[in-house]
Amino acid sequence: MDATTTSGTPTIQYRNIDQSITTAIVVATPLPQPTFLRQQRHCFGDSTPGEFPLSANPSVVLHILTACDFDPQDLAKLEATCSFFSQPANYAPDFELSLSELAALDMCQKRAIFKPMTTEQRQDFKQRCGGSWKLVLRYLLAGEACYRREKSQAIAGPGHSIAVTSKGVVYSFGSNNSGQLGHDKTEEEWRPRPIRTLQGIRIIQAAAGAGRTMLISDCGKVYAFGKDSFGEAELGVNGSKMVAAPKLVESLKNIFVVQAAIGNYFTAVLSREGRVYTFSWGSDGKLGHHTDLSDLEPHPLLGALEDIPVVQIAAGHCYLLCLAFQPSGMSVYSVGCGLGGKLGHGTRTDEKYPRLIEQFQLLNLQPMVIAAGAWHAAVVGRDGRVCTWGWGRYGCLGHGNEECELVPKVVEALSDVKAAHVATGDYTTFVVSDDGDVYSFGCGESDSLGHNAGNDGQGNRHANVLNPELVTSLKQIDERVVQISLTNSVYWNAHTFALTKSGKLYAFGAGDKGQLGIQLATNQTQRGNPERVDIDLS
């Protein structure tokens with residue numbers, strides 16, 4: 001047949017190639033037009049069809065919530081705004097739990113300190129945290145964020161250093177006169193060396209004091225070495241014995257420990273359930289118990305925190321800070337020596353029992369991280385504000401002067417910085433912002449602030465900084481810093497570590513004992529510029 005268009009275009013002929021095909025086309029029955037029907041979406045329970053398209057398979061949703069590591073507060077919001085997330089999901093191990101609660105429980109089970117718990121222990125822990133798995137998860141995550149539990153970390157101790165990889169392998173270097181490096185000898189080491197006797201044991205947290213080291217395993221066991229004493233670090237009263245290799249602390253074997261903090265006169269440990277125990281310095285009741293100075297038995301911290309779980313502890317020269325966890329939010333308690341106002345209560349008096357620092361409520365600041373320097377303290381709030389208080393010598397509080405502050409005061413010079421981490425030492429403070437920038441202020445001795453470093457790495461080591469200043473030398477390494485650690489002792493020249501997100505470790509400050517982990521030139525005792533330590537902590 002021919003076809004001609006009305007527009008006058010040339011005729012196009014369509015020819016039959018095969019008659020049989022044409023016949024087949026003619027006799028074929030026309031196909032019915034497809035009918036598109038709206039498919040009814042599956043729903044959950046008595047919900048309206050189409051309310052939630054994935055509700056036909058809640059396990060998929062549960063997998064997404066767990067795999068994406070949803071924040072506990074986001075899980076709570078889902079539960080509050082959608083019935084799909086709030087009603088029983090009918091899954092083991094508890095058929096009454098909602099999807100949000102199950103997701104929180106699954107994420108708790110990923111944590112090394114949670115896995116070994118019995119069913120009864122888990123239920124008790126849940127009630128202690130407020131009766132919800134979301135609150136338990138929030139508690140666990142807070143601890144991981146505060147002191148990098150189960151993550152790579154570096155500890156700048158007094159004269160010696162400890163570095164822990166993300167897999168729990170421990171390296172030590174520096175001063176070793178008391179065997180505090182754990183290598184079963186007392187010679188100094190400038191090169192980081194793994195502690196061989198810990199092979200097969202995963203360490204999740206470390207603490208270093210004058211002449212001693214404590215390590216916490218993922219099984220809650222505590223290993224200590226160096227001076228065989230928990231108190232009187234430098235006075236020579238105790239510590240005449242020493243242990244040069246990691247030794248299990250028998251008195252703590254029935255307590256699942258997750259953190260240790262070493263002060264000058266005492267040591268504190270934190271249990272998995274958020275209970276605080278202390279050693280030594282109890283003879284005059286400063287820590288709520290009366291014991292001999294050489295007592296190695298752990299004593300529970302009595303008073304207001306007996307029924308409130310603690311997330312983090314921080315030990316200063318002669319006082320202790322505790323970050324307490326409650327469903328309504330975090331709070332800070334302090335106990336010990338009150339000289340200089342470092343307890344934060346508006347006075348200089350001592351406290352025998354933990355006392356709530358009320359100033360944070362007046363500032364409308366919810367504490368998230370605490371740091372106890374030798375004589376001053378600092379806190380980072382959820383909103384990124386930084387507060388400091390205590391002795392203000394050398395400008396370590398960052399308020400532009402050297403005055404004492406008896407209650408926490410916001411560092412106004414950091415008002416444009418959202419802080420994520422804070423570290424304190426002997427009249428020195430470092431702040432890490434959420435984008436990895438580092439600020440420091442306070443005593444500039446030993447080049448430990450990272451400022452004013454010359455080309456020779458020596459710099460102006462005596463310059464004090466009264467206001468927070470950006471540490472440009474760390475900015476130049478083009479790596480995001482996630483942790484700062486600095487020496488927290490009045491008896492040792494300070495050194496500082498900066499740990500990056502990729503696991504690189506940089507060191508500066510005093511290095512006369514090899515504590516920087518780098519080899520210094522002849523007659524050189526410190527480094528002003530951050531230098532890469534030959535160790536990978538990723």
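These legends describe several close-up views of one predicted model.

Residues are numbered from 1 along each chain as its sequence is written. In this predicted model, local features need pLDDT of at least 70 and side-chain atom pairs count only at pLDDT 80 or more, while totals for chains, interfaces and linings use all residues, and side-chain values use heavy atoms, with hydrogens and water left out.

**View 1. The whole chain.**
The chain holds 9 helices and 30 strands. Helices (H or I, at least four residues) and strands (E, at least two) are DSSP runs, numbered from the N terminus. Of the 538 residues in the chain, 56% are buried. Buried means under 20% relative accessible area, exposed means over 50%, and partly exposed lies in between (1.4 Å probe, protein chains only). Take the contacts between residues at least 6 apart in sequence: 51% of them join residues at least 24 apart. Contact means heavy atoms within 4.5 Å.

**View 2. The largest nonpolar core.**
This core has 79 residues. A nonpolar core is a set of buried Ala, Val, Leu, Ile, Met, Phe, Trp, Tyr and Cys residues joined through side-chain atoms within 4.5 Å. Phe114, Ile313, Leu320, Leu321 and Cys322 have the most contacts inside it. Helix α7 (residues 133-147) gives the most to this core, with 9 residues. A second, separate core has 28 residues, including Val369, Leu414, Leu449 and Leu486.

**View 3. The surroundings of Ile313.**
Neighbours within four places in sequence are left aside here. Among the contacts of Ile313 are Gln259, Ala261, Ala268, Val269 and Leu270. Ile313 also touches Val276, Leu320, Leu321, Cys322 and Ile370.

**View 4. Helices α3 and α5.**
Helix α3 (residues 72-81) packs against helix α5 (residues 99-108) at an angle of about 165°, with the axes 9 Å apart. Axes are lines fitted to C-alpha atoms, for helices over the stretch in contact, and angles run from 0 to 180 degrees between N-to-C directions. The two helices are therefore roughly antiparallel to each other. Angles under 35 degrees count as roughly parallel, over 145 as roughly antiparallel, 65 to 115 as roughly perpendicular and the rest as oblique. α3 passes α5 in a right-handed crossing. A crossing is right-handed if the near helix is turned clockwise from the far one by less than a right angle, and left-handed if anticlockwise. From α3, Leu75, Leu78 and Glu79 meet Ser100, Glu101, Ala103, Ala104 and Met107 of α5.

**View 5. The cover around α5.**
α5 is mostly covered, with 9 of its 10 residues buried. Among the buried residues are Leu99, Leu102, Leu105 and Cys108. The buried residues of α5 pack against α2 (58-67), α3, α4 (83-86), α6 (119-129) and α7.

**View 6. The sheet β7-β8-β9-β10.**
Four strands form an open sheet in the order β7-β8-β9-β10, with antiparallel pairing. Two strands pair if DSSP finds at least two bridges between them. The edge strands are β7 and β10 (242-248), and each pairs on one side only. Neighbouring strands are turned by 10° against each other on average, direction ignored. Strand β9 (residues 222-227) runs antiparallel to β10, joined by 4 bridges. The bridge partner of Lys227 is Met242 in β10.

**View 7**
Strand β7 (residues 203-209) is mostly covered: 7 of its 7 residues are buried. It is joined to strand β8 (residues 212-217) by 6 bridges, and the two run antiparallel. Ala208 stands opposite Thr213 in β8. The hairpin has 2 residues between its strands. Gly211 in the turn has a positive phi of about 75°.

**View 8. Ser271 in β12.**
Ser271 lies in strand β12 (residues 267-271). It counts as buried, at 1% relative accessibility. Ser271 and Gln259 are 12 residues apart along the chain, and their C-alpha atoms are separated by 7.2 Å. Leaving aside neighbours within four places in sequence, Ser271 is in contact with Tyr139, Ile255, Phe256, Val257, Val258 and Tyr277.

**View 9. The sheet β27-β28-β29-β30.**
This open sheet has 4 strands in the order β27-β28-β29-β30, paired antiparallel. β27 (481-486) and β30 (526-536) stand at the edges, each with a single partner strand, so one side of each is left without a neighbour in the sheet. The twist averages 20° from one strand to the next. Strand β29 (residues 504-510) is joined to β30 by 5 bridges, and these strands run antiparallel. Gly509 stands opposite Arg527 in β30.
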